[in-house]
Amino acid sequence: MRKKITVVGAGHVGATTAQVCAYKELGDVVLIDIVEGVPQGKALDMMQSGSLEGFDSNIVGTNDYADTANSDVVVITAGVPRKPGMSRDDLININAKIVKSVTEQIVKHSPNCIIIVVSNPLDIMAYLALKVSGFDKSRVIGMAGVLDSARFRAFIAMELGVSQEDVQTMVLGGHGDSMVPLLRYSTVSGIPITQLMSEERANELAVRTQKGGGEIVNLLKTGSAFYSPGSSSAQMVESIIRDKKRILPCAAYLEGEYGIDGLLVGVPVKLGVKGIEEIIKIDLTDSELSALQASAEAVKKVIGQLDV
Ligand code: APR
């Protein structure tokens, strides 16, 4: 039987996530939004690309959570994106109310699903979804590290003129400017990037990665990135649905790992059919660890502002 994937929010990120999931035939896709007509229209449009792209996934658009019943994976992209001059944290009040109500509906209709949170501020919205759902910590995961690592991979590949596929990176921490790109764990086909470019240049690319979302917001002016966020979300869906057990940086609820307790923050995890099957503990230098902990502190401060 085909797997069922629900994408909540039929906006830029949600529609792109649905499209990539369908192209990869990860399962049948339900696209749900509060605005009437938009999820139905986008779903129908995507279905009409099936013969061209060669996929058989069904894509249904709806405003009714009954249609999402018994989903295997639910991706939450509902909420507002930021505009130039805004930080992700500025979205907290609007998006918290949306993510809370969406999570309640998801739990009611798909009590056994795995939730991937994409709405910003990511680490805080993922924390909220975990608390509201009452799910085990293995079943609520934030999408950020895959995207931040993909941005870093693109910048390294562009700099060196090599295939993006051969570039591996690891970006940990919160999904904000305090995220921690790890140069020591960044390679091209296993070759540390510091053997291929100066450490100074690698650091510049790491800083561009930290500000990568903002760079796109400033260019778009009316919203935030969605192609790479959609692909990143679909990659996590794939690892879960196909039980690939990929090791990907994701926001996971930590209980003492890396000296962080009681919040979700980006760390390497093994993603399989049960969700987060393992939190991988990698060796960090003192300065890498303190950067990760500082990033977690920044997330903790914003959790304190949650008012739902
Ligand atoms: N239930 C379902 N959908 C909702 C709800 C709700 N309660 N509230 C808003 N939405 C929908 C909107 O109608 C819109 O279609 O969420 C969609 C958001 O789409 P966009 O405005 O295009 O925003 P997008 O760029 O997709 O970003 C969505 O992901 O990356 C993050 O920061 C980004 O928080 C933002 C989210």
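T187 stands opposite P192 in strand β11, a handy place to start looking around this predicted model. Local features here need pLDDT of at least 70, and side-chain atom pairs count only at pLDDT 80 or more, while totals for chains, interfaces and linings use all residues. Residues are numbered from 1 along each chain as its sequence is written, and side-chain values use heavy atoms, with hydrogens and water left out.

- Three strands make up an open sheet in the order β7-β10-β11, with antiparallel pairing; strands are DSSP runs of E with at least two residues, helices are runs of H or I with at least four, and both are numbered from the N terminus.
- At the edges sit β7 (167-168) and β11 (191-192), each of which pairs on one side only.
- β10 and β11 run antiparallel and are joined by two bridges, where pairing requires that DSSP finds at least two bridges between two strands.

**Nonpolar cores**

- The largest nonpolar core has 84 residues, and I106, I116, M236, V237 and L271 touch the most other members; such a core is a set of buried Ala, Val, Leu, Ile, Met, Phe, Trp, Tyr and Cys residues joined through side-chain atoms within 4.5 Å.
- Helix α5 (residues 122-133) is the top contributor to this core, giving eight residues.
- This core lies between domain 1 (4-142) and domain 2 (145-303), because both give residues to it; the domain bounds come from an automatic or database domain assignment.
- A second, separate core holds 14 residues, including V167, L183, V188 and M197.
- What is I116 in contact with, leaving aside its neighbours within four places in sequence? The partners are V73, V74, V75, I76, I141, M143, S233, M236, V237 and I240, with contact meaning heavy atoms within 4.5 Å.

**Salt bridges**

- The structure holds 12 salt bridges, each a side-chain nitrogen of Lys or Arg within 4 Å of a carboxyl oxygen of Asp or Glu.
- R2 and D28 form one of them, with their closest N and O atoms 2.9 Å apart.
- This pair links distant parts of the chain, 26 residues apart: R2 is in the segment before β1 (4-8) and D28 is in strand β2 (residues 28-32).
- R2 counts as partly exposed because its relative accessibility is 45%; buried means under 20% relative accessible area, exposed over 50%, and partly exposed in between (1.4 Å probe, protein chains only).
- R184 forms a salt bridge with E288, the closest N and O atoms being 2.8 Å apart.
- Here the partners are 104 residues apart, with R184 in the loop between β9 (180-181) and β10 (187-188), and E288 in helix α10 (residues 286-303).
- Are these two partners buried or exposed? R184 counts as partly exposed at 46% relative accessibility, whereas E288 counts as buried at 12%.
- K245 and D243 meet through their side chains in a salt bridge (3.1 Å, N to O).
- K245 is partly exposed at 36% relative accessibility, and D243 is partly exposed with a relative accessible area of 32%.

**A buried loop residue**

- N120 is found in the loop between β5 (114-117) and α5.
- N120 counts as buried, since its relative accessible area is 18%.
- Not counting residues up to four places away in sequence, N120 touches R88, L91, N95, M125 and H175.
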